Amino acid sequence: MLLVGRVTPESVIYSFGTVLVDLLSGKHIPPSQALDMIRGKNIVLLMDSHLEGKFSMEEATVVVGLASQCLQYEPRDRPSMKDLVATLAPLHTKPDVPSYVMLGISKYEEAPPTPQRPLSPMGEACSRLDLTAIHQILVMNHYKDDEGTNELSFQEWTQQMRDMLEARKRGDYAFRDKDFKTAIDCYSQFIDVGTMVSPTVFARRSLCYLFCDQPDAALADAMQAQIVNPEWPTAFYMQSVALAKLDMHKDAADMLNEAAGLEEKKQRVVKGS
């Protein structure tokens, strides 16, 4: 596995900007294309079509502008965390409304719609919400999907780095042995240091949270895995399971289908090379 640079406040702000664009558009937009996606675009055309125009144009304009600032190429041109809060806080004037209410769908659906694309073993396991099968696949895949997400200079190979990798190793042992609470603790130590970023660790901790009946935390980790590796199907598959556990079955089915599409794309690239 290659090793990565330290996460900085500016890089977190940039990632937040990509999440804002995804939320506004209702689509996954590759980070490299996010700024072009919103620059000079009609806000009505940018917004998620599922909203059917049911949003405040004034608030949408504010959020689009904030996303644009977050995505600036120069880190010094991006807003601070304090600026983010100051901009977003005035918008939080209405009570929280679940997405299934906003979109007019039933919270309790008998079964999620059948995905349009054929599913891999991982996809099949996620569609069945078979946590045990997902666990077996993640154990078997180890960290092969982390390649290319990390780069670290030799000078940064410190005792702290070795301690962090040891925490991940303990988490891997606990994960393999299905000691999910211990795995959460160990993986959290690894993540909190922030020197390395591993989508696999986020996916593994996401599954641990699902086994511990914490779907909200599982969804957050799966989204973090997507931020680190935007084209990784497993990140989308894990989101689909967490969404299903939250009874958001339509969103879960959409995410499952998107994951299957990414796998198809990946396979086409492999066959073409």
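Buried residues account for 43% of the 273 residues in the chain. The model is predicted. Its secondary structure consists of 14 helices and 0 strands. Read along the sequence, the pattern is α-α-α-α-α-α-α-α-α-α-α-α-α-α. Contacts between residues at least 6 apart in sequence were also sorted by separation: 67% of them join residues at least 24 apart.

**Helix 11 and its partners**

Two packed helices are described by the angle between their axes and the distance between the axes. Helix 11 covers residues 199-211. Two of its pairings are set out here.

| Pair | Partner residues | Axis distance | Angle |
|---|---|---|---|
| Helix 11 and helix 12 | 215-228 | within 8 Å | roughly 165° |
| Helix 11 and helix 13 | 233-245 | 10 Å | about 15° |

Take helix 12 to begin with. The axes of helix 11 and helix 12 cross at roughly 165°. Angles over 145 degrees count as roughly antiparallel, so helix 11 and helix 12 are roughly antiparallel to each other. Their crossing is left-handed. On the helix 11 side, the contact is made by Pro-199, Phe-202, Ala-203, Arg-205, Ser-206, Tyr-209 and Leu-210. Helix 12 contributes Pro-215, Ala-217, Ala-218, Asp-221, Ala-222, Gln-224, Ala-225 and Val-228. By class, the residues of this contact divide into 11 nonpolar, 2 polar and 2 charged.

Now helix 13. It packs on helix 11 at an angle of about 15°. Angles under 35 degrees count as roughly parallel, so helix 11 and helix 13 are roughly parallel to each other. The crossing of helix 11 and helix 13 is left-handed. Helix 11 brings Ala-203, Ser-206, Leu-207 and Leu-210 to the contact. Helix 13 brings Thr-234, Met-238, Val-241, Ala-242 and Lys-245. The contact of helix 11 with helix 13 has 6 nonpolar, 2 polar and 1 charged residues.

**Cysteines**

How many disulfides does a search of the whole structure find? The search finds 0. A disulfide needs two cysteine sulfur atoms within 2.5 Å. The sulfur of Cys-186 has its closest cysteine sulfur in Cys-208, 9.8 Å away, which is too far for a bond. Cys-186 counts as buried because its relative accessibility is 7%, and the cut-off for buried is under 20%. For Cys-212, the closest cysteine sulfur is also in Cys-208. That distance is 6.8 Å, again too far for a bond.

Note on methods: Residues are numbered from 1 along each chain as its sequence is written. This is a predicted model: local features need pLDDT of at least 70, side-chain atom pairs count only at pLDDT 80 or more; totals for chains, interfaces and linings use all residues. Side-chain values use heavy atoms; hydrogens and water are left out. Axes are lines fitted to C-alpha atoms, for helices over the stretch in contact, and angles run from 0 to 180 degrees between N-to-C directions. Helices (H or I, at least four residues) and strands (E, at least two) are DSSP runs, numbered from the N terminus. Angles under 35 degrees count as roughly parallel, over 145 as roughly antiparallel, 65 to 115 as roughly perpendicular and the rest as oblique. A crossing is left-handed if the near helix is turned anticlockwise from the far one by less than a right angle, and right-handed if clockwise. Contact means heavy atoms within 4.5 Å. Ala, Val, Leu, Ile, Met, Phe, Trp, Tyr, Cys and Pro count as nonpolar, Asp, Glu, Lys and Arg as charged, and the others, Gly among them, as polar. Buried means under 20% relative accessible area, exposed over 50%, partly exposed in between (1.4 Å probe, protein chains only).
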